[in-house]
Amino acid sequence: MGNANRLFILLSFFFSTPILLSAQPPQEAIEYMVNQVNELRAKGCKCGSKRMKPAQPIRWNSTLYKTARSHALEMRKYNYFGHISRNGKDVGERFDDFGYDWQYAGENLGEGQEYFYEVFQDWIESPSHCRMLMHPGMTQMGISKQGKYWVQHFGKPMPKNYYKKGRVYTEN
């Protein structure tokens, strides 16, 4: 069995198996997803009609994985698709609930794709999702799939000596 086939089976098994919220995908799956995103970021691309310059590599973040998993689980449980949670929270508020002190927060959603390469291709072809993949301010990500729902979370931690004042950031 080739490495690509083995990885697809591994990703399919992991993303279709109910596990604890804190569990992480296998390292091989994480590396595959991060590498795919970073290859795109390294080249730059065209998102709709907008040319996006190359962006710095992004890293996996376990807290962003947990936030993505939590939102994917909620969408699966209640059979809905949306950026706002059932209790009215947006992505930044959900990050706050998990203790991720963010400067930038973003989210890509997918529905119905079986494999990561399929949802990734759909995100690249969608101008708004593509711009999120290429956002130069994002430095970290986490991805989860539950049932037919994919959630990709992006973030950049708040720099030292900065703090939130509502939704506005101020330097100390």
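Select Asp97 and Lys89. Their closest N and O atoms are 2.7 Å apart, a salt bridge (a side-chain nitrogen of Lys or Arg within 4 Å of a carboxyl oxygen of Asp or Glu). Lys89 is partly exposed, at 25% relative accessibility. The cut-offs are these: buried is under 20% relative accessible area, exposed is over 50%, and partly exposed is in between, with a 1.4 Å probe and protein chains only.

This is a predicted model, in which local features need pLDDT of at least 70, side-chain atom pairs count only at pLDDT 80 or more, and totals for chains, interfaces and linings use all residues. Residues are numbered from 1 along each chain as its sequence is written, and side-chain values use heavy atoms, with hydrogens and water left out.

**The other salt bridges**

The count by this rule is three salt bridges. Go next to Glu107 and Arg94, where the closest N and O atoms are 2.2 Å apart. The pair links distant parts of the chain: Glu107 sits in strand S4 and Arg94 in helix H4, 13 residues apart. Helices (H or I, at least four residues) and strands (E, at least two) are DSSP runs, numbered from the N terminus. Glu107 is buried at 8% relative accessibility. Arg94 is buried too, at 8%.

Now select Lys148 and Glu111. Here the closest N and O atoms are 3.3 Å apart. Lys148 is in the loop between S5 and S6, Glu111 is in strand S4, and 37 residues separate them. Lys148 is partly exposed, with a relative accessible area of 40%. Glu111 is partly exposed as well, at 35%. Side chains of opposite charge can pair when their charged atoms come close.

Select S5, residues 140-146. Seven of its seven residues are buried. On one side are Gln140, Gly142, Ser144 and Gln146; on the other are Met141, Ile143 and Lys145.

Strands pair if DSSP finds at least two bridges between them. Trp60 has Met141 as its bridge partner in S5.

Gly142 is bridged to His153 in S6. The hairpin of S5 and S6 has two residues between the strands, and Gly147 there takes a positive phi near 60 degrees.

**The nonpolar cores**

Which residues touch the most other members of the largest nonpolar core? Select Phe116, Phe120, Leu133 and Met141, out of 26 residues in that core. A nonpolar core is a set of buried Ala, Val, Leu, Ile, Met, Phe, Trp, Tyr and Cys residues joined through side-chain atoms within 4.5 Å. H2, S1, H5, H6, S5 and S6 each give two or more residues. H2 gives the largest share, six residues. A second, separate core has seven residues, including Ala68, Met75, Tyr80 and Val151.

**Helix H6**

Select residues 127-134. The buried ones are His129, Cys130, Met132, Leu133 and Met134. They pack against H2, S1, S2, S4, H5 and S6, counting contact as heavy atoms within 4.5 Å.

**Two asparagines with positive phi**

Finish in the loops. Asn79 lies between helices H3 and H4. Its phi is about 50 degrees, positive although Asn79 is not a glycine. Asn79 is exposed, at 54% relative accessibility. Asn161 lies in the loop between S6 and S7. Its phi is near 70 degrees, again positive in a residue other than glycine. Asn161 is exposed, with a relative accessible area of 52%.
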